[in-house]
Amino acid sequence: MPGLIARLNRFTRSPQGRRTIESVRRAAADPRKRAQARGLFGRLRGRR
């Protein structure tokens with residue numbers, strides 16, 4: 001899958017990729033968003 005890796009690398013270096021990464025970092029730093037993500041992943045794994 002070198003093509004997929006190359007596309008991901010290209011995306012992360014693009015302006016849109018940088019904006020996306022920054023917004024994800026901000027969301028990851030927010031305790032409420034972290035709790036929401038933890039709950040979502042717990043439901044996906046079958047735990048509540």
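Trainee: Why is Thr12 called partly exposed?

Mentor: Thr12 has a relative accessibility of 35%, and since buried means under 20% relative accessible area, exposed over 50% and partly exposed in between, with a 1.4 Å probe and protein chains only, Thr12 counts as partly exposed. Bear in mind that this is a predicted model, in which local features need pLDDT of at least 70, side-chain atom pairs count only at pLDDT 80 or more, and totals for chains, interfaces and linings use all residues. Residues are numbered from 1 along each chain as its sequence is written, and side-chain values use heavy atoms, with hydrogens and water left out.

Trainee: What makes Arg26 exposed?

Mentor: Arg26, which lies in helix H2, has a relative accessible area of 54%, and therefore counts as exposed. Of the 48 residues of the protein, 4% count as buried.

Trainee: Why is H1 called roughly perpendicular to H2?

Mentor: The axes of helix H1 (residues 2–13) and helix H2 (residues 15–29) come within 4 Å and cross at roughly 80°, where axes are lines fitted to C-alpha atoms, for helices over the stretch in contact, and angles run from 0 to 180 degrees between N-to-C directions. Angles under 35 degrees count as roughly parallel, over 145 as roughly antiparallel, 65 to 115 as roughly perpendicular and the rest as oblique, so H1 is roughly perpendicular to H2.

Trainee: Which residues of H1 and H2 meet?

Mentor: With contact meaning heavy atoms within 4.5 Å, Phe11, Thr12 and Arg13 in H1 meet Pro15, Gln16, Gly17, Arg18, Thr20 and Ile21 in H2. Leaving aside neighbours within four places in sequence, Thr12 is in contact with Gly17, Arg18 and Ile21.

Trainee: How far apart are the C-alpha atoms of Arg26 and Ser14?

Mentor: Arg26 and Ser14 are twelve residues apart along the chain, and their C-alpha atoms are separated by 18 Å, while Thr12 and Val24, also twelve residues apart in sequence, are 12 Å apart in space, C-alpha to C-alpha.

Terms used: Helices (H or I, at least four residues) and strands (E, at least two) are DSSP runs, numbered from the N terminus.
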